[in-house]
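Look over the structure first, then read the points below.

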Amino acid sequence: MRSPEEQKADLIGRACQLAMGRKGTGGPPADLVQDFLTYYYRHVSLDDIANRADVDIYGAAVSQYKMAGLRPQGTANVRAFTPTVSEHGWAAEGHTVVEVVTDDMPFLVDSVTMELSRQGRDVHVVVHPQLFVQRDLTGAIIEVFCNDLGKQDESHDIFRESWMHIEIDRETEPSELEAVTASLQKVLVDVREAVEDWERMQAQALAIVDELGKYPPPLPADEVEEGRALLRWLAEEHFTFLGYREYRLETSGDDEILRAVPGTGFGILRTDQNMSADAGKLPPIVRAKAREKTLLVLAKANSKATVHRPAYLDYVGIKTFDESGEVVGERRFLGLFSSSAYTESLTRIPVVRQKAREVLEQSGFDPMSHSGKAMMDVLETYPRDELFQTPLEELVPIAQSVLTTRERRQLRLFVRRDTYGRYLSCLVYLPRDRYNTTVRERISKLLLDHLDGDSIEYTARVSESLLAQLHFVVRPKPGEIVVDFFEVAALEKRLAEAARSWQDDFTSSVLNEYGEEEGTRLARQYSEAFPEAYKEDYAPRTGAVDLGRLETIEGDEGMSLSFYQPMDAGSDEARLKVFR
């Protein structure tokens, strides 16, 4: 039996034979066809093309070659269309095709597929060759090199390019195809600007570190040093810098205005902000925080990243002060914490490590004691974004409550309102054996309904601990702020009810029916004995009553019930059969 690579080579070989018999297609020169097709499909799984006709394999590659024919420097070619044999001479198994040709750079495929996913368009196939291409001054192709020899070093007009052929759900409406093209063009501009300015933003972070060392603001020295350490840590590849801009804080009557400083933007903030009178006016909830004398602002932005991964942007602000010690502006970085920021021990992360020390101190725990180590474990497993963003006065009581909850089989809910009212952070701990998809969906719906949310996101952590940890972020409708009041205790009770299993209710019924001592023995012995068929037909209360009959039926003290089986007979006594 031939290997997948041999089968793929055979498919490409047949496509090349087809190409040799064609003229005037606008594809690669005849002497380049074999190398081009081989290189174009070299990282494509056989499963993605195994059932395709020769003309479809050849047609997709040639279509992209023609589309790449003219590309002025610094631009991206994007096209979305649905190929058909009658119109284009080839097809893509009925799918719509998105073609992209641009300079090679990080985050391209992630960002493009992320945008398509955001639009609800499933991605079926991705072909992503990276080629060296020589172009003239107008951007017209002179030659395509199907190798990895790094020829870009030999001539100023040879560039490494990313060519993408992405197949999505079928779409034939012209306006929809135009919208796909326009949205991807915007995403590719964001990627280009972020990548081109990444080193400038990293250098800016380090320049601020130096400036804070030479000219520290009138704040506690340890706060300034931790701020400097955090910026240095971010610059050490713990943060994907996507945007930077400086702002001035101005007063106009009763309004506070945070106005962008022209010419200071990098990356996705490169374009100067609207400078109209109302631009930058701070809402009341933000205005109250704007002049607080703190160095750092750590938060989530209210928009998702268009580059790299589909997460809400992380916002790191460094306040600026005048000679009298008043807040007069801010230097703002937007980006995403890297994966290492979420896996590295919090003891090595500036600002967060200081919070951990203060939590231990305010809790009265010695770091080397059993309770101190248990508290550090709570913080290590606490959602990392929450550690950055939660004020110490809110974090301490939550961490203490989590510590006392960890070894108990009960559901607990902790809700934190974002400083700027943009979302509610809901941390749910529940017994690990109760956690499943159905329970999570019930909890999500209850949180959305009771907290008046428009959307909800979650992350789950299930470890060897007795409790599973679910972190939900509930956001209001765009332009609104989250609800001011909600009864956490009542909501927690509703969540606990939603997370209860048949066995939980059975145990409660047994305790009520037989008392604590006998009920505990029976629940421990029989709670796992009922088959799913019985649980579907009978309520937990019925199971508790049946235990009395079964104990009587068994009689012999040395026998134990292994499992129950519903019977066809109608009487209560005959409903269950005992297997010894």
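A salt bridge here is a side-chain nitrogen of Lys or Arg within 4 Å of a carboxyl oxygen of Asp or Glu. The structure holds 40 of these salt bridges. The model is predicted.

**Confidence**
- The average pLDDT is 88, and 91% of the residues score at least 70.
- Residues 553-575 stay under 50 in pLDDT.
- Where pLDDT is low, the predicted coordinates should not be read in detail.

**Salt bridges**
- Glu-167 and Arg-52 pair through their side chains at 2.7 Å, N to O. Glu-167 sits in strand S6 and Arg-52 in the loop between H3 and H4, so the bridge ties together parts 115 residues apart in sequence. Glu-167 is buried at 1% relative accessible area, and Arg-52 is buried at 10%.
- Asp-433 bridges to Arg-409, with the closest N and O atoms 3.3 Å apart. Asp-433 is exposed at 58% relative accessibility, while Arg-409 is partly exposed at 48%.
- Arg-412 meets Glu-492 at 2.9 Å, N to O. This pair links strand S13 to helix H16, 80 residues apart. Arg-412 is partly exposed at 21%; Glu-492 is buried at 17%.
- One network of salt bridges with shared partners includes Arg-71, Asp-103, Arg-135 and Glu-161.

**Second largest pocket**
- The second largest pocket holds about 630 Å³ of space.
- Of its 26 lining residues, the closest to the centre are Tyr-342, Pro-383, Asp-385, Thr-459 and His-471.
- Elements giving two or more residues to the lining include helix H13 and strand S16.
- The lining has 11 nonpolar, five polar and 10 charged residues.

Definitions and conventions
Residues numbered from 1 in each chain as written. Heavy atoms only, no water. pLDDT = per-residue confidence, 0-100. Contact = heavy atoms within 4.5 Å. 1 Å grid on protein atoms, 1.4 Å probe; cavity = no way out; pocket = protein on both sides within 12 Å on 5 of 7 lines; lining within 4 Å. Points joined across faces, edges and corners; volume = space filled by probe spheres on them. Helix = DSSP H or I, 4+ residues; strand = E, 2+ residues; numbered from the N terminus. Nonpolar A, V, L, I, M, F, W, Y, C, P; charged D, E, K, R; others polar. Buried < 20%, exposed > 50% of the residue type's maximum accessible area, 1.4 Å probe, protein only.
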